[in-house]
Amino acid sequence: MPSVLIATSAPTPILEVPPHTTPQLHHNLKHDSSVLALAVGNDCIYSGTQNGEIFVWLLGTFQKLHHVQAHKRSVMCLFLSDDGSLLFSSASDPIVNVWCPRSMTRLYEIYSTADSFGDIFSVSYSSQYETVYYGAQNTSIQWVGLKDSSRRSSHDSPSHPDRRNHRFFDSRAVGGTSTPRPTDERYDLIPRPDSVLETDKRANKMFAHFGYVYCMLMTKGTTAYTEPDEDVLISGGGDGTIKVWKLGGHEIGSDGYENGIDEIMALGEQDAVSVMSLAVDGSFLYSGKLDGIIELWDLDTKQKLRVIKAHRGDVMTLQMGWGYLWSASRAGTACKHSTVHYGAYQRDSSQNVSQKYQCLTQWKAHDGKILSSVLKTHDGNHMYITGANDNNVSIWMLKNEAMTEQPAHEEHEEDMMITSLREFVSFKTVSSCVEYAEDCRRGASFLRTLFKKLGGDVDMLSDDETLHHPVVLAKFSGKGELADKRKRVLFYGHYDVVPAETRNGKWNNDPFQLTGTNGYLYGRGVSDNKGPIMAALYAVADLMQAKSLDSDVVFLIEGQEESGSRGFKETVRKYKDRIGKIDYILLANSYWLNDDTPCLTYGLRGVMHATVCVESKNPDLHSGVDGSYMVNEPLSDLMILLTKLKGPRNRIMLPGFYDGILPLTAEEEARYDDILSVLMERDQEGVSAEVLKANLMARWREPNLTHHKVNVSGPDGSLISSHASAKISVRLVPGQEVEEVTSSLTSFLEKEFRNLESSNKLSIQIDNQAEPWLGDPGNYIFRTLEEALVQAWAPLLSNDVNGSMSNGTGAYGNFKVRKPLYIREGGSIPAIRFLEKEFDAPAAHLPCGQSSDAAHLDNERLRVMNLLKSREIFTYVFKKL
C-alpha cells in the first residue's frame with residue numbers, strides 16, 4: 001500500500017532562503033501527555049510520553065497499532081537497533097526495557113543496583129557487542145550484555161529498584177515510618193518481561209561526565225582512532241563535554257570496575273554548557289547545546305570547526321539527513337541548515353564557502369518545547385518527524401529542492417490523490433447557500449481541470465431551464481475492443497457539501513482545510529463525497545498508467561445532491577446521447593454499519609419532501625380582540641391535518657400506502673442474521689437480537705412519515721397567525737412509487753381539509769422527490785465488488801476452510817465475518833434509481849467510510865486506510881467490469 005501524507009494547517013515560517021521553503025505539516029499524532037522520545041523503523045513510528053507510555057503508529061496511514069504502558073514514569077529515550085529487531089526504552093523509573101518492535105512484547109527489563117542512579121536520559125545499543133549502554137542522572141554510563149547469562153535475575157529479585165531498601169527515601173528515625181512509595185493503577189499495566197537483567201556493579205563508568213549524561217549515539221568509522229567497522233559510543237553531558245568511547249573490554253581495572261568502555265577523546269572540556277543532543281556525519285560531529293547553539297567538531301583532528309547560533313531556545317534534538325542538518329529547540333522552532341556533508345549528497349569543490357551552515361528555513365513547528373525528532377524516507381517520501389510537550393508528534397513532508405550544490409535525484413511529492421483531495425476540500429461547495437455559488441462553480445472547474453489532467457474527455461453540463469450548478473462529465477476510454485463493444489461503467493458522485501457551522505466552536509480545525517490527525521483526514525466533504533470521488537478517479541489513473549483499463553469509465557459528478565439534485569434529471573436527459581450507453585452504475589456515498597466491518601449497500605429508502613401551508617384571507621389578528629369560534633385559525637387547521645396523517649403506533653393513514661411493499665424474503669432475512677452476528681458482539685446496552693433486528697428493519701425496509709417543523713407568520717405573542725406551514729417528509733421503500741405516494745398525500749390532505757369546512761386556503765408544495773432503490777446482491781457488479789472487498793480487506797475478512805464466501809449463521813456473540821455485510825440504509829440518494837431507469841443498467845453502492853465518519857456533522861472525517869483501500873477496490877472493479 002502506498003504511503004499517504006496529508007497536509008494540515010500551515011506552519012508559521014520564520015525564515016526562508018529561496019528556493020527552500022517551509023515544510024508542510026502533513027499529519028499530527030495526538031497524545032495525552034508530552035512526547036519526550038521518538039524512534040522510527042521501516043514502517044512504524046514509536047513515541048514515548050511523559051506518562052510512561054509507548055505508542056506505535058503505522059507509517060503511511062498513521063493508524064495506532066499499539067499503546068503500551070512501558071514505564072512507571074516518563075520515557076526519556078527510545079533507540080532502535082540497526083536491524084530494527086530491538087527497541088530500547090529508558091525512563092526515570094529508572095529502568096531500561098527492551099521490546100520486540102512488531103508485537104511490543106517486553107523482552108528484557110534492565111536495572112542498576114545503584115541507589116542514587118536517577119533518571120536514565122539516554123540509551124544505545126551495540127549490535128557488534130550485543131550490549132546495551134545507558135547514561136544516567138548520576139553522571140554514570142553503565143552497560144550489560146543481552147546474552148550474558150550471568151546477569152540474569154529473577155522477576156522478584158530483592159535488588160530490583162521496586163523492592164530494595166533505598167538508603168534515603170526508605171530511611172526512618174527511631175520509632176518513625178518511611179515515606180510510602182507512590183502507587184498507580186497504571187503500574188499494573190506494564191507487561192511482564194521475558195527476562196530480567198541486573199547490571200553488574202563493575203560495569204559502570206562513574207563520572208563519565210561531570211554532569212547528567214543527556215545524550216548518546218552509536219556509530220562506526222567516525223574517527224581515525226578506531227577501526228572503520230568498529231562500533232563507537234559518543235556521549236554528551238551536562239558538563240559541556242563530548243566523549244568518544246571504545247567498546248568491548250571485559251578486564252577489571254585497578255579501580256575495581258570493568259573497562260567495558262574506554263575514553264578515546266574528550267571535546268569541549270572548557271565549555272561547561274550542557275550538550276543536549278548529538279548528530280554525526282562522517283567524521284563531523286554536531287552537538288546541540290543550551291541557548292540555541294550548535295557546535296561542529298572534527299573527530300579526526302579534535303577541532304571545533306564552527307559555532308552556529310540556530311535558535312533562541314536550547315537545541316534539544318539534532319538529525320543529519322539528505323545533506324542537511326535538522327535541529328529543533330525548546331522554543332518550538334525547527335531549522336534546516338546547509339552543511340558540508342558526505343556520501344551521495346557530497347557537494348563538489350566549487351561550492352561557495354558562504355553557503356555552508358546557512359540556515360535555509362526556520363519555522364514555528366510546535367506550540368511547546370520540541371524534545372525529540374527523527375528522519376525517515378518511506379515509499380520515496382522524505383519525512384521529518386518531531387515530538388513536543390504540546391502532546392503532538394508532527395510529520396513534515398520535505399521537498400527535494402533543485403539546487404546547484406545538490407546532486408540530481410528524483411523529486412518526491414506527497415501522494416497526488418491527497419494533494420488533489422486537499423485542494424478539492426478547500427472549495428466551499430455548499431449548494432444550499434447562495435453565498436457559496438461561486439465556490440461551487442470553482443469546485444466544478446477544479447474537477448474539470450483535474451479530469452483533463454489525468455486523461456479524461458470532459459464536459460460541463462447544465463440545463464438552461466433550471467438554475468443549478470454544472471454537472472461534470474468525464475470519460476476515460478479503455479484500450480479493449482472497439483468502442484461500441486467495450487463495457488462502460490458510470491461512476492456517480494457529487495462535489496457539493498452541507499454547510500459547516502464553525503461559530504459553535506465544535507470543529508477542531510478549519511472545515512475547509514484538510515487536516516490529518518491520528519490516521520484520519522478531517523474536513524467538510526472528505527467522506528461525503530469528495531474522498532470517494534478522488535479514490536475512484538485515481539484508481540482509473542492507475543489503470544491507465546499501467547495500460548490495464550479495458551472498459552470505459554464515465555464520471556458523472558453533480559453539484560446539487562445535498563439540496564435535492566435540482567436540475568440533475570433534466571440535465572442527464574438532455575445530454576443522454578453525449579453520456580452514451582451505460583452497462584453498470586457505481587456510487588460510493590455511504591458508510592459501514594460500524595467502524596470495523598466492510599459493507600456493501602444494496603438498498604435505500606426513497607423520500608418525498610413537502611410543505612403544507614394553510615393561509616387566511618385576514619391579516620394577523622389579536623387573539624383577545626379578534627379571536628372567536630367564528631374565526632378559522634390557519635394553525636389550528638394545519639394541526640388537525642397533520643394529526644390525520646398518522647394513526648396509532650405511527651401507522652401512516654394514506655389509503656393503500658402499504659399495499660406495494662415487497663415481502664421479506666429468506667435471503668434478505670439471512671443478511672439481517674449476518675448483520676446481527678456482528679453487531680451483537682459489541683455492547684448493545686442490553687438490547688436483544690430481536691429488538692435490534694426489528695429496529696434495523698424499521699429503518700431500512702419500512703416507510704415512515706416525519707413532521708419536521710412548523711412556521712407561522714407574525715411575531716411571538718398572543719396572535720392568530722394568518723399563515724401556517726409545516727415541513728413533512730415521507731420515506732418510501734421499494735415497491736412504493738414516489739409519484740403515486742405524492743398524489744395520494746395531496747388527495748388525502750385536500751379531502752381532509754374540505755371536511756373542516758374552513759374559509760382558509762390549503763396549498764401543498766412538493767419540494768423534492770427521490771425514488772427508493774433496491775439492488776440485486778447476486779448480480780455481476782455486486783459479485784465483483786465483493787471479490788474486491790475480500791481481497792482489499794483481507795485482515796478483516798477471512799475465508800472458511802472450504803472456501804465458502806458466505807457468512808456463518810452461528811450463535812450471536814461468536815462470529816467471524818468471511819465476506820462484507822450486505823446492508824440497506826434509511827437515507828436517500830435521488831440519482832441512483834433514476835440513473836438505473838434512464839440507462840437500463842444495474843447499480844451498486846460501495847460504502848467507503850466508517851460509521852463514525854460524522855458526515856454532515858462537526859469534524860467530518862475519513863480514515864486514511866479506508867481511502868487507500870477504496871482506491872484499491874475501485875482499481876479492481878474498474879479493471880474487471
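I looked up Leu604 and found that Leu604 stands opposite Trp773 in strand S46. This is a predicted model, where local features need pLDDT of at least 70, side-chain atom pairs count only at pLDDT 80 or more, and totals for chains, interfaces and linings use all residues. Residues are numbered from 1 along each chain as its sequence is written, and side-chain values use heavy atoms, with hydrogens and water left out.

**Entry: strand S39**

Strands here are DSSP runs of E, at least two residues, and helices are runs of H or I, at least four residues, numbered from the N terminus. Two strands pair if DSSP finds at least two bridges between them. S39 and S46 (residues 773–774) pair in the antiparallel sense over two bridges. With S47 (residues 821–825), S39 runs parallel, joined by five bridges. Cys599 has Leu821 as its bridge partner in S47.

**Entry: aromatic rings**

I searched the whole structure and got 30 aromatic pairs. Rings of Phe, Tyr and Trp (its six-membered ring) pair if their centres lie within 6.5 Å; planes under 30 degrees apart count as stacked, over 60 as edge-to-face and the rest as tilted. I picked Trp363 and Tyr384: the centres are 6.3 Å apart and the planes at 80°, so the pair is edge-to-face. Trp363 lies in strand S28 (residues 359–364) and Tyr384 in strand S30 (residues 381–388), so the pair ties together parts 21 residues apart in sequence. Both Trp363 and Tyr384 are buried.

**Entry: charges over rings**

I counted a charge as over a ring if NZ of Lys or CZ of Arg is within 6 Å of the ring centre and within 35 degrees of the ring normal. The charged end of Arg861 sits over the ring of Tyr520, 3.7 Å from its centre. Lys869 lies over the face of Trp793, 5.8 Å from the ring centre.

**Entry: Val712**

Val712 lies in strand S42. Val712 is partly exposed, at a relative accessible area of 39%.

Methods
Buried means under 20% relative accessible area, exposed over 50%, partly exposed in between (1.4 Å probe, protein chains only).
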